[in-house]
Amino acid sequence: MRTGGSNRSHLPLVVLLVTSLFLITLDLRGVSVTANSRSATQSFLAPIQRSVSDFFSPVGNFFTDVQNFGNTKAALKALQKENAKLRKKIVYKKDTKGQLVKLEKVLDLAGRGGYKVVSARVIGKGSSSTFSQTITIDAGTRDGVQRDMTVIGEFGVIGVVKSVTSTSAIVLLISDPTFRIGVRLARSQSVGVLMGEGDNNFTLQLLDPSGVIEKGDVLLSLGSDNNKPFVPGLPVGFVKTVSSSRATLTQVASVGIYSNLNSLGVVSVVLRSPNEDPKNSLVPIPIPIPTTTVYVTQSPEAVVTPDGVAKDQN
Amino acid sequence: MSWSRAGYSAAILFLFFVIQESAISRINFPIAGFSLYLAVLLGFMALENQLGAIVLGFIGGLILDLSPSSDSPLGKCALILTLVGYLISRNRESLGDFTERPIIFVLFVSLGVAATLLTFLLFGVVLGENNGSFVSNLQTISGNGIWTLLLSPILLPGIVKLRELTLTSKERI
């Protein structure tokens with residue numbers, strides 16, 4: 001009797017497990033159940049994310065701001081002097097201004113390269129429980145965005161459009177572990193592959209066995225056939241350290257990227273690239289550090305004697 | 001578990017899924033993000049009997065499978081959470097009534113969230129998914145566990161009340 005009862009209680013478990021496995025099999029065999037259902041969810045979530053985004057844009061970086069409290073102490077002191085109403089207005093103003101600055105930089109980058117872009121606000125981030133690095137933007141097919149289009153931030157490539165609905169799109173970020181982009185070194189024109197690792201670390205592997213990587217080398221996107229998913233000539237990152245292991249056939253380097261993927265507010269999707277490859281024209285130019293020149297003039301009254309001692313003539 | 005309660009529970013879970021996807025995911029939590037959805041789902045599952053935990057695990061997994069940011073095949077989360085539901089129901093009897101032992105409840109849910117994420121990861125590896133470096137995965141799992149541990153004491157009384165709302169009059173008796 002006990003065995004029979006136990007079997008009965010296991011029946012729903014078996015049925016649900018078989019259903020799950022059936023769904024997985026359908027998905028892996030290419031039945032478009034996943035794409036359609038996730039696309040429908042995205043269409044449903046996009047307007048909610050857009051409206052929530054207005055509220056969460058200033059609040060979203062709360063913890064990061066707390067961590068950097070020391071750096072922003074002066075700014076906080078100034079804000080404390082103002083009353084609550086004005087403070088709220090300033091927070092929103094700052095947010096808008098920050099987004100405008102970012103937008104200006106993104107459009108500047110796109111303009112210099114001759115890319116036709118459509119700009120979009122970041123309205124959502126991928127859930128941490130999915131282990132994938134994605135953002136949701138408020139531009140979709142209605143704005144000309146299509147799957148596999150390059151997405152740029154203020155300093156260069158930040159990802160690629162993974163899926164798109166009429167009003168929103170999911171962007172796979174460059175930091176995602178599955179992300180691969182062909183790059184060339186601006187200095188030596190050596191070609192390699194840049195791989196995301198799920199955090200702020202990136203690995204560059206050169207394809208050319210004789211290629212040499214140097215610290216500080218700038219990486220530009222190599223481009224793809226018909227410019228999908230990547231357009232050529234966009235800055236991607238810079239070499240932080242070079243691994244000199246003899247066990248590998250080609251050189252491997254640790255790479256940093258210019259954009260901060262945690263604070264993306266505005267991004268642009270490249271709709272069309274110029275007819276000619278911009279080559280190295282988009283390599284970031286380092287901001288010159290002003291040097292102070294000090295002129296030392298000898299006092300007319302002082303005379304240096306042959307033994308090296310300065311004496312006043314008076 | 002009655003059909004109506006399964007329906008109410010699914011609606012509540014979907015609401016938390018929307019909150020998770022549109023609001024909670026936007027917050028840059030230190031270490032790693034917090035999954036409100038998983039915390040609520042595991043809280044619900046921990047209060048159910050065996051059949052209830054399994055059914056809620058399946059429903060909750062299917063909803064999580066709809067996440068637009070997910071790259072996994074549809075049904076993966078449903079499969080894992082059904083198994084998690086079964087494991088929860090098998091072990092909860094030895095821990096007693098959670099509503100009278102809140103600390104055990106919080107610890108159970110926090111460990112459950114971390115264990116579920118670890119299972120997602122391991123199952124992803126089996127399916128050939130690339131989930132990134134060991135360190136970042138460790139951060140995601142431990143971060144989620146820590147945040148669930150910190151925030152569950154605030155959330156769980158609400159979860160218990162929400163579950164009571166879904167009970168039919170017969171089930172209340």
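# Chat about a two-chain model

Me: In β7(A), what is the bridge partner of A:R180?
Reply: In strand β7(A), A:R180 has A:M195 as its bridge partner. This is a predicted model, where local features need pLDDT of at least 70 and side-chain atom pairs count only at pLDDT 80 or more, while totals for chains, interfaces and linings use all residues. Residues are numbered from 1 along each chain as its sequence is written, and chains are lettered from A and ligands numbered from 1 in the order in which they are written.

Me: Thanks! How do β6 and β7 of chain A pair, and over how many bridges?
Reply: β6 (residues 180–185) and β7 (residues 191–196) of chain A are antiparallel partners, with 5 bridges. Two strands count as paired if DSSP finds at least two bridges between them. Strands (E, at least two residues) and helices (H or I, at least four) are DSSP runs, numbered from the N terminus.

Me: Which strands make up the closed barrel?
Reply: The closed barrel of chain A has 6 strands with antiparallel pairing, in the order β6-β7-β8-β11-β10-β9. On average, neighbouring strands of this sheet are turned by 40 degrees against each other, direction ignored. Axes here are lines fitted to C-alpha atoms, for helices over the stretch in contact, and angles run from 0 to 180 degrees between N-to-C directions.

Me: Can we zoom in on A:V242? Which strand is A:V242 found in?
Reply: A:V242 belongs to β10 (residues 235–243) of chain A.

Me: And what is A:V242 in contact with?
Reply: Beyond its neighbours within four places in sequence, A:V242 is in contact with A:I213, A:K215, A:Q251 and A:A253. Contact means that the C-beta atoms of two residues, placed from the backbone, lie within 7 Å. A:A253 is 11 residues from A:V242 along the chain, and their C-alpha atoms are separated by 4.2 Å.

Me: Why does A:V242 count as partly exposed?
Reply: Because A:V242 has 16 other C-beta atoms within 10 Å. A residue is buried with 20 or more other C-beta atoms within 10 Å of its own, exposed with 12 or fewer, and partly exposed in between; C-beta atoms are placed from the backbone.

Me: Back to chain A as a whole. How many helices and strands are there?
Reply: Chain A holds 5 helices and 14 strands. Of its 314 residues, 37% count as buried.

Me: How many of the residues of β4 in chain A are buried?
Reply: In β4 (residues 157–164) of chain A, 7 of the 8 residues are buried, so this strand is largely enclosed by the rest of the structure. β4(A) pairs with β3(A) in the antiparallel sense over 3 bridges, with A:T150 partnered by A:V160. On the way from β3(A) to β4(A) there is a hairpin with 4 residues between the strands, and A:G156 in the turn has a positive phi of about 145 degrees.

Me: What joins β4(A) to β5(A)?
Reply: A hairpin, through 4 residues. β4(A) and β5 (residues 169–173) of chain A pair antiparallel over 5 bridges, and A:V161 stands opposite A:V171.

Me: New topic: how many residues of chain A are in contact with chain B?
Reply: 46 residues of chain A are in contact with 45 residues of chain B. On the side of chain A, the elements giving two or more residues are α1 (2–28), α2 (33–59), α3 (62–67) and β1. That side divides into 18 nonpolar, 23 polar and 5 charged residues. Ala, Val, Leu, Ile, Met, Phe, Trp, Tyr, Cys and Pro count as nonpolar, Asp, Glu, Lys and Arg as charged, and the others, Gly among them, as polar.

Me: Now chain B. How many residues of α2 are buried there?
Reply: In α2 (residues 36–46) of chain B, 11 of the 11 residues are buried, so this helix is largely enclosed by the rest of the structure. What covers the buried residues of α2(B) includes α1 (3–22), α3 (50–65), α4 (76–95), α5 and α6 of chain B.

Me: At what angle do α1(B) and α2(B) pack?
Reply: About 160 degrees, with their axes 8 Å apart. The two helices α1(B) and α2(B) are therefore roughly antiparallel to each other. Their contact includes B:F16 and B:F17 of α1(B) and B:Y37 and B:F44 of α2(B). By class, this contact of α1(B) with α2(B) has 9 nonpolar, 2 polar and no charged residues. Angles under 35 degrees count as roughly parallel, over 145 as roughly antiparallel, 65 to 115 as roughly perpendicular and the rest as oblique.

Me: And how far apart are the axes of α5 and α6 of chain B?
Reply: The axes of α5 (residues 102–126) and α6 (residues 134–166) of chain B are 9 Å apart, at an angle of about 155 degrees. α5(B) and α6(B) are therefore roughly antiparallel to each other. Their contact has 13 nonpolar, 7 polar and no charged residues.
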